[in-house]
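Hello,

Here is the structure I promised to pass on to you. Please have a look, and then read my notes below.

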Amino acid sequence: MIFKSKKTMIAPSILSADFSRIGDEVSKLKSAGADIVHCDVMDGHFVPNLTFGAKFIKDLRKTSDLPFDVHLMISEPERYVGDFIKAGANSITFHFEAQNKPEKLLSEIRAANVMCGLAVSPDTPISAIEKYIPMCDIIVVMSVYPGFGGQKFIEKSYEKIKSLKTFIEKNDCDTLIEIDGGVTFENASLIKKCGADILVAGNAVFGADDIAKAVETLRKV
Ligand code: DX5
Ligand code: ZN
């Protein structure tokens with residue numbers, strides 16, 4: 001399944017969901033109007049936190065037919081990508097900081113009919129990944145240091161989104177821009193104006209009393 005839309009897509013991050021009722025939390029996202037389920041995989045090595053692996057994704061797959069966007073914050077992503085493909089991921093992004101020769105892995109993911117992409121941490125400039133952008137369906141611009149939900153949006157990310165957008169337009173690439181970290185009802189509008197196609201939102205969605213209203217607000221502002 002390839003996801004693409006002219007409107008901004010909203011991707012709640014299940015990192016902020018209640019893991020004791022994770023099946024319900026994911027299954028209600030569709031009726032809440034979400035477009036994508038963002039799944040944060042952390043290994044306690046590339047980032048100082050641990051979450052879940054491919055089996056978790058495989059089991060959750062049964063609870064929703066929304067696209068699953070798997071964000072790998074792990075060292076040696078090449079060791080695990082095959083498992084996440086088998087688990088039913090619709091897109092897989094891995095960090096440029098974890099694999100700086102990404103061509104092979106990107107094409108491996110694409111060959112499996114799964115959207116592929118690179119994620120870039122706040123201190124990695126867009127110029128470092130430019131030559132790989134045409135090979136990517138998605139670029140994840142991290143607007144917080146990866147590892148935890150509920151952090152504050154790093155302001156310099158606006159400029160990064162704009163420069164990525166300029167590169168994509170100039171080079172006629174078919175690449176979506178995804179913003180991950182610290183997205184709020186207050187900054188969503190400016191993030192969109194800078195050129196984001198997908199907004200990841202953990203705390204803003206799962207921290208809200210009314211998830212559907214939170215998704216709608218992020219979409220509308
Ligand atoms: C951070 C994760 C994000 C995070 C977003 O390492 O990649 O997806 O869960 O959560 P919020 O929206 O709360 O910053
Ligand atoms: Zn993420």
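The radius of gyration here is taken over C-alpha atoms, and the globule rule is 2.2 Å times the number of residues to the power 0.38. For 221 residues, a compact globule would have a radius near 17 Å, and the protein chain agrees with this at 16 Å. Its C-alpha atoms fill a box of roughly 40 × 35 × 30 Å along the principal axes.

Before you go further: this is a predicted model, where local features need pLDDT of at least 70, side-chain atom pairs count only at pLDDT 80 or more, and totals for chains, interfaces and linings use all residues. Residues are numbered from 1 along each chain as its sequence is written, chains are lettered from A and ligands numbered from 1 in the order in which they are written, and side-chain values use heavy atoms, with hydrogens and water left out.

The protein chain has eight helices and eight strands (DSSP runs numbered from the N terminus: helices are H or I with at least four residues, strands E with at least two).

Now to ligand 1. It is surrounded by 20 residues (a heavy atom within 4 Å), and the closest are Asp40, Gly147, Gly150, Asp180 and Gly202. Strand 2 gives the most to this shell, with three residues.

Which residues make polar contacts (N or O pairs within 3.5 Å) with an oxygen atom of ligand 1? Among them are Gly182, through a backbone N or O atom at 2.8 Å, and Asn203, also through a backbone N or O atom, at 2.9 Å. The side chain of His38 has an N or O atom 3.4 Å from a ligand oxygen. Taken alone, ligand 1 exposes 380 Å², and the protein buries 99% of that (Shrake-Rupley method, 1.4 Å probe).

Best wishes

Terms used
A polar contact is a pair of N or O atoms within 3.5 Å; within protein, one must be able to donate a hydrogen and the other to accept it, and residues adjacent in sequence count only if both atoms are side-chain atoms.
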